[in-house]
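I open this entry to record what I looked up in the structure below.

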Amino acid sequence: AYARQALNPSSSANWTVDGSSNFNIYNTGAIVFTTATGSWGTVGWVSIWDSATYGGGNMLYSGPLSAS
């Protein structure tokens with residue numbers, strides 16, 4: 001089953017900023033999702049939302065993954 005993973009956006013335990021003029025932000029550890037219960041095919045994109053509810057909230061970022 002699909003479930004969004006909640007990470008506190010204000011916690012430095014979850015994120016680090018590289019300090020460059022690009023303002024790159026990285027997660028500090030692995031974000032672990034539950035095991036898929038069916039075939040999802042190849043996952044090629046990621047997105048960040050401001051809501052834990054599927055179908056709700058605003059998409060803040062999306063982009064392609066470099067590996068799947």
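**Entry 1: asparagine 24.** I looked up the side chain of asparagine 24 in this predicted model and found a polar contact with the side chain of aspartate 18, at 2.9 Å. I then asked where asparagine 24 lies in the chain. I placed asparagine 24 in the loop that runs between S1 and strand S2 (25-27). With neighbours within four places in sequence left aside, I listed Thr16, Val17 and Asp18 as the residues in contact with asparagine 24. I noted asparagine 24 as partly exposed because its relative accessibility is 28%, which falls between the 20% limit for buried and the 50% limit for exposed. I also checked the separation from alanine 67, which is 43 residues from asparagine 24 in sequence; their C-alpha atoms are 19 Å apart.

**Entry 2: the segment after S4.** I turned to leucine 65 and serine 66. Leucine 65 lies in the segment after S4, and I found serine 66 in the segment after S4 as well. Are these residues buried or exposed? I recorded leucine 65 as partly exposed, because its relative accessible area is 38%. Serine 66 has a relative accessible area of 84%, so I recorded serine 66 as exposed. I also looked up the C-alpha separation of serine 66 and glycine 44: it is 7.9 Å, for residues 22 apart along the chain.

**Entry 3: the nonpolar patch.** I asked which residues form the nonpolar patch on the surface. I listed Trp40, Val43, Val46, Ile48, Leu60, Tyr61 and Leu65, with about 670 Å² of accessible area together. At least two residues of this patch come from strand S3 (45-49), and at least two from strand S4 (59-64).

**Entry 4: the whole chain.** I counted four strands and zero helices in the protein chain, in the sequence pattern β-β-β-β. I noted that the C-alpha trace spans about 40 × 25 × 20 Å along its principal axes. Of the 68 residues, 4% are buried. I recorded an accessible surface of about 5,700 Å², with 56% of it belonging to carbon and sulfur atoms. For contacts between residues at least 6 apart in sequence, I found that 29% join residues at least 24 apart.

**Entry 5: confidence.** I looked up the mean pLDDT of the protein chain, which is 81, and noted that 96% of the residues reach 70 or more. Among the elements, S4 has the highest mean pLDDT (89) and strand S1 (residues 15-17) the lowest (81).

Technical notes
Residues are numbered from 1 along each chain as its sequence is written. This is a predicted model: local features need pLDDT of at least 70, side-chain atom pairs count only at pLDDT 80 or more; totals for chains, interfaces and linings use all residues. Side-chain values use heavy atoms; hydrogens and water are left out. Patches are made of residues with over 30% relative accessible area and no salt bridge: like charges are joined within 9 Å, nonpolar side chains (Val, Leu, Ile, Met, Phe, Trp, Tyr) within 5 Å. Accessible areas come from the Shrake-Rupley method with a 1.4 Å probe; for residues, only the protein chains shown count as cover. A salt bridge is a side-chain nitrogen of Lys or Arg within 4 Å of a carboxyl oxygen of Asp or Glu. Buried means under 20% relative accessible area, exposed over 50%, partly exposed in between (1.4 Å probe, protein chains only). Contact means heavy atoms within 4.5 Å. pLDDT is the predictor's confidence in each residue, from 0 to 100. A polar contact is a pair of N or O atoms within 3.5 Å; within protein, one must be able to donate a hydrogen and the other to accept it, and residues adjacent in sequence count only if both atoms are side-chain atoms.
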